[in-house]
Amino acid sequence: MCTYQTHKIKISGSGKARKGWISLSEATVYVDHPVHMQQDHSVNIDFIDPAQGPSARVAVELSEEAALALADAIRDAIASAPPGLAAAAGAAARS
Amino acid sequence: MTDALRAETVTIKGHDNDEIEAYLARPLDGGPRGGVVVIHHMPGYDESTKEMVRKFAAHGYAALCPNLYSREAPGADPDDAAATVRAAGGVPDERLVGDVDGAARHLNSLQGANGKIGVIGHCSGGRQTFLAACSLQIDAAVDCYGAFVVNEPPSGMPASMKPILGLASQLSCPLLGLFGAEDGFPAPEETAKLSAELDRLGKEHEFHTYDGAGHAFFAVDRPAYRPEAAVDGWGKIFDFFGHTLSA
């Protein structure tokens, strides 16, 4: 099925797209058909910057297990670093 | 008689007379021939959809697939375009109808056109095919596993994605429906409700539900591909267009 459902968040960061490194302003997460992964459905994450056009996109297609493991790994990595070390610029005091 | 065909990107007038990109394939013989509008699936105006367009031309039709994402993502890769339109909430129904109408008008303007128009779509394009067939005067429609024609979508879907069973009384042409018995969206219960409503309204339709097939069984580049269902389905499509699109 096409789910049509898309979870969108604002982000700050950078990613490497086709034309090289770009600034990113949003991420979308959705469970739907992949373009490349050989599964009927996948967890798709797009890191994008709409202001730079459709090609300003870093995309991944993951299995559910991989996506959840990734989410855990992200939390673990942040928890094991000094608090606020990678916080958005100006969002937290650096120690 | 020749089996030569020409396939190319063209510009057509879509909804609101917007200029949009489209992929056209047609035989090089003189006609007369019917036209087929191919509505691409949600992943976009991609290589597999263009293959379908050429397949219709190889079978004697002029076929045209409007790029529904032309406005938001001109010139972008199909996957980038699809992601952009998805993030923006999808294609509005009204615009879809206008783009299909523009594609039909373009097909009918081509040399050799016999004035008959069929529309076909898969997945989201299946629902959009039903929408177009209930909104425009056309001659044949093929809905391949379009969901949310009858049932409400799960919460969280874009507001534009709503059931359209209420339009069934306006269906302007015979409808061929090809579905998978293992599909959840649309599940066989949903397509059965659609069939019952079309029976009630006296609307000509022919539905086939394939055992052992789920959603997207026509998609040759996906694991959902089911050759037996797809090969039989293509046969039914060409039989159907053979008698609905002949002059």
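Where in chain B is the place of Pro32(B)?

A: Pro32(B) lies in the loop between strand E2 (19-27) and strand E3 (33-39) of chain B. Helices (H or I, at least four residues) and strands (E, at least two) are DSSP runs, numbered from the N terminus. This is a predicted model, in which local features need pLDDT of at least 70 and side-chain atom pairs count only at pLDDT 80 or more, while totals for chains, interfaces and linings use all residues. Residues are numbered from 1 along each chain as its sequence is written, chains are lettered from A and ligands numbered from 1 in the order in which they are written, and side-chain values use heavy atoms, with hydrogens and water left out.

The bond that joins Gly31(B) to Pro32(B) is a cis peptide bond, with omega about 0°. Another cis peptide bond joins Phe185(B) and Pro186(B), with omega about 10°; Pro186(B) is found in the loop between strand E7 (175-180) and helix H5 (188-201) of chain B. A further backbone feature belongs to Cys123(B), a residue other than glycine whose phi is positive, near 60°. Cys123(B) sits in the loop between strand E5 (113-122) and helix H4 (124-135) of chain B.

Chain A contains an open sheet of 4 strands in the order E1-E2-E3-E4, with antiparallel pairing; two strands pair if DSSP finds at least two bridges between them. Strand E1 (7-17) and strand E4 (57-62) of chain A each have a single partner strand and stand at the edges, so one side of each is left without a neighbour in the sheet. Neighbouring strands of this sheet are turned by 30° against each other on average, direction ignored. E1(A) and E2(A) are joined by 9 bridges and by a hairpin of 2 residues; Ile9(A) has Ala27(A) in E2(A) as its bridge partner. Strand E3 (residues 42-48) of chain A is joined to E4(A) by 6 bridges, and Phe47(A) is partnered there by Val58(A).

Helix H1 (residues 64-80) of chain A lies across E3 and E4 of chain A, at about 120° to E4(A). Axes are lines fitted to C-alpha atoms, for helices over the stretch in contact, and angles run from 0 to 180 degrees between N-to-C directions. Helix H2 (residues 78-87) of chain B packs on the sheet as well, touching E1, strand E2 (20-32), E3 and E4 of chain A, and its direction makes about 70° with that of E2(A).

Between the chains, the contact (heavy atoms within 4.5 Å) takes 22 residues from chain A and 26 residues from chain B. About 2200 Å² is buried there, with 58% given by carbon and sulfur atoms; buried area is the accessible area (1.4 Å probe) that two parts lose on being put together, summed over both. The count of salt bridges between chain A and chain B is 4, each being a side-chain nitrogen of Lys or Arg within 4 Å of a carboxyl oxygen of Asp or Glu. One of them joins Asp77(B) and Arg18(A), whose closest N and O atoms are 2.4 Å apart. E2 and E3 of chain A are the elements that give two or more residues to the side of chain A that touches chain B, and E2(A) gives the most, with 3 residues.
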